[in-house]
Amino acid sequence: MVVDEDALLAEQKSFYRARAAEYDEWWQRRGHYDRGEQELVEWQHQVGILDAALNAFGARGNVLELAGGTGWWTQRLAETADHLTVVDSSPETLALNRERVGRPDVHYEVADLFDWHPDSPYDVVFFSFWLSHVPRARFGDFWALVRACLNPNGRVFLIDNRNDPLGGSSARDPYVVEYGTDMHLRTLGDGSRYRVVKVMYEPDELESLIATEGWSVEIESTQWFIFGSVRHA
Ligand SMILES: C[S@@+](CC[C@H](N)C(=O)[O-])C[C@H]1O[C@@H](n2cnc3c(N)ncnc32)[C@H](O)[C@@H]1O
C-alpha cells in the first residue's frame with residue numbers, strides 16, 4: 001500500500017492535538033493503562049532507570065527539547081538546564097506543559113519539526129518518545145536537523161518505547177486498534193481514529209542506524225524502554 005507521508009504526518013499532528021488532555025493517562029498508568037500495583041511499581045522502576053541515566057548524562061547549558069509534549073521530561077530538564085527551549089507542534093500539549101513545569105524562563109515554540117530550523121546552536125538536544133514517530137524514510141533528515149541544532153561539543157539524549165522482549169502486556173496500548181508496518185491506527189476516548197507513525201526500534205538496530213549517520217552512540221534498554229546518548233563521532 002502506498003502511504004502519503006505528508007498526509008500521515010498531518011494526521012499524527014492532529015492526533016496529538018486531540019489527545020492532549022488524555023495523554024498523561026498513558027504515562028501515569030491510569031484508566032485504560034492501569035494494570036495493577038505490581039506493574040505500576042515495575043513501570044516506575046524502569047522510569048527511575050531512565051531518570052538516573054539522564055541525571056548521569058547531565059543536561060546542562062543551552063538545552064533543546066524536541067516534541068516536549070505535556071512536560072514529563074521538560075520538568076526534569078528544567079532542573080539542570082541553564083536555558084531550556086521546548087518545541088512541539090501542538091499548542092494544546094504545550095499549554096499543559098507550561099502548567100506542569102511552571103517556569104516562566106522556559107522558552108516554548110509551536111512548530112512542525114519536519115519544517116523547522118534552529119536559530120542558535122544548543123549544548124544538548126533531548127527527545128523522548130519522538131524518534132519512533134519519525135518515518136524511517138526521514139531518519140537521515142531528522143539526524144541532519146539534530147546536527148544543525150548542536151554546537152561542536154553538543155550531545156543528544158533520547159528515550160523511546162521498545163517492544164517488550166518478554167511479550168508482557170504493559171507496553172501494549174489499549175488505544176491502538178490496528179498494528180501496521182511502522183504505523184499504528186489509534187483511537188481516542190471520543191472514538192475518533194488517527195494513523196500515526198510508530199517505529200519500534202530494537203536497541204542494537206537503533207544504535208547501528210544512528211552510527212551510520214556518523215554519530216558516536218550508546219543505546220541501552222530496559223524491558224519497555226530504550227534510551228541513550230549520542231555525540232559527534
Ligand atoms: C509521544 S508524544 C511525546 C511527548 C513527550 N516528549 C513525552 O515524553 O511525553 C509525541 C509529541 O510529538 C508532538 N508532535 C507530533 N508531530 C509533530 C511534529 N510534526 N512536529 C513537532 N511535534 C510533533 C506531539 O504533539 C506530541 O507532543
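## Reading the model

Two strands are said to pair if DSSP finds at least two bridges between them. Helices (H or I, at least four residues) and strands (E, at least two) are DSSP runs, numbered from the N terminus. This is a predicted model, in which local features need pLDDT of at least 70 and side-chain atom pairs count only at pLDDT 80 or more, while totals for chains, interfaces and linings use all residues. Residues are numbered from 1 along each chain as its sequence is written.

Let us follow β10 (residues 225-232). With β5 (residues 150-161) it pairs in the antiparallel sense over seven bridges. Along this pair, Asp160 has Ile226 of β10 as its bridge partner, and Asn161 stands opposite Phe225 in β10. β10 also pairs with β9, again antiparallel and over seven bridges. There, Ser216 has Arg231 of β10 as its bridge partner. β9 and β10 form a hairpin with three residues between them.

Contact between two residues is counted when their C-beta atoms, placed from the backbone, lie within 7 Å.

## The three-stranded sheet

A further open sheet has three strands in the order β6-β7-β8, with antiparallel pairing. β6 and β8 (193-197) stand at the edges with a single partner strand each, so one side of each is left without a neighbour in the sheet. Neighbouring strands of this sheet are turned by 20° against each other on average, direction ignored. Helix α1 packs on the sheet, touching β7 and β8, and its direction makes about 115° with that of β8.

Four bridges join β6 (residues 176-180) to β7 (residues 183-187) in the antiparallel sense, and Glu178 stands opposite Leu185 in β7. The hairpin of β6 and β7 has two residues between the strands, and in it Asp182 takes a positive phi near 55°. Between β7 and β8 there are five bridges, also antiparallel, with His184 opposite Val196 in β8.

## Around the ligand

Which residues are closest to the ligand? They are Tyr16, Ala67, Gly69, Ser90 and Ser128, out of 20 residues that surround it. A residue counts as near a molecule if its C-beta atom, placed from the backbone, lies within 6 Å of it. Helix α1 (residues 5-19) gives the most to this shell, with four residues.

By type, the shell divides into nine nonpolar, eight polar and three charged residues. Here Ala, Val, Leu, Ile, Met, Phe, Trp, Tyr, Cys and Pro count as nonpolar, Asp, Glu, Lys and Arg as charged, and the others, Gly among them, as polar.

## The core

The largest nonpolar core has 46 residues, and Ala59, Val63, Leu77, Val125, Phe126 and Leu158 have the most contacts inside it. Such a core is a set of buried Ala, Val, Leu, Ile, Met, Phe, Trp, Tyr and Cys residues joined through C-beta atoms within 7 Å. Leaving aside neighbours within four places in sequence, the contacts of Val63 include Leu77, Leu84, Tyr122 and Phe126.

## Residues in the loops

Most residues other than glycine have a negative phi. Ala67, in the loop between β1 (62-66) and α4 (74-80), has a positive phi near 55°. Is Ala67 buried or exposed? Ala67 is buried, because 20 other C-beta atoms lie within 10 Å. The cut-offs are 20 or more other C-beta atoms within 10 Å for buried, 12 or fewer for exposed, and in between for partly exposed, with C-beta atoms placed from the backbone.

Phe129 is found in the loop between β4 (122-128) and α6 (139-149), and also has a positive phi, of about 55°. Phe129 counts as partly exposed, because it has 18 C-beta neighbours inside 10 Å.

Methods
Axes fitted to C-alpha atoms, helices over the stretch in contact; angles between N-to-C directions.
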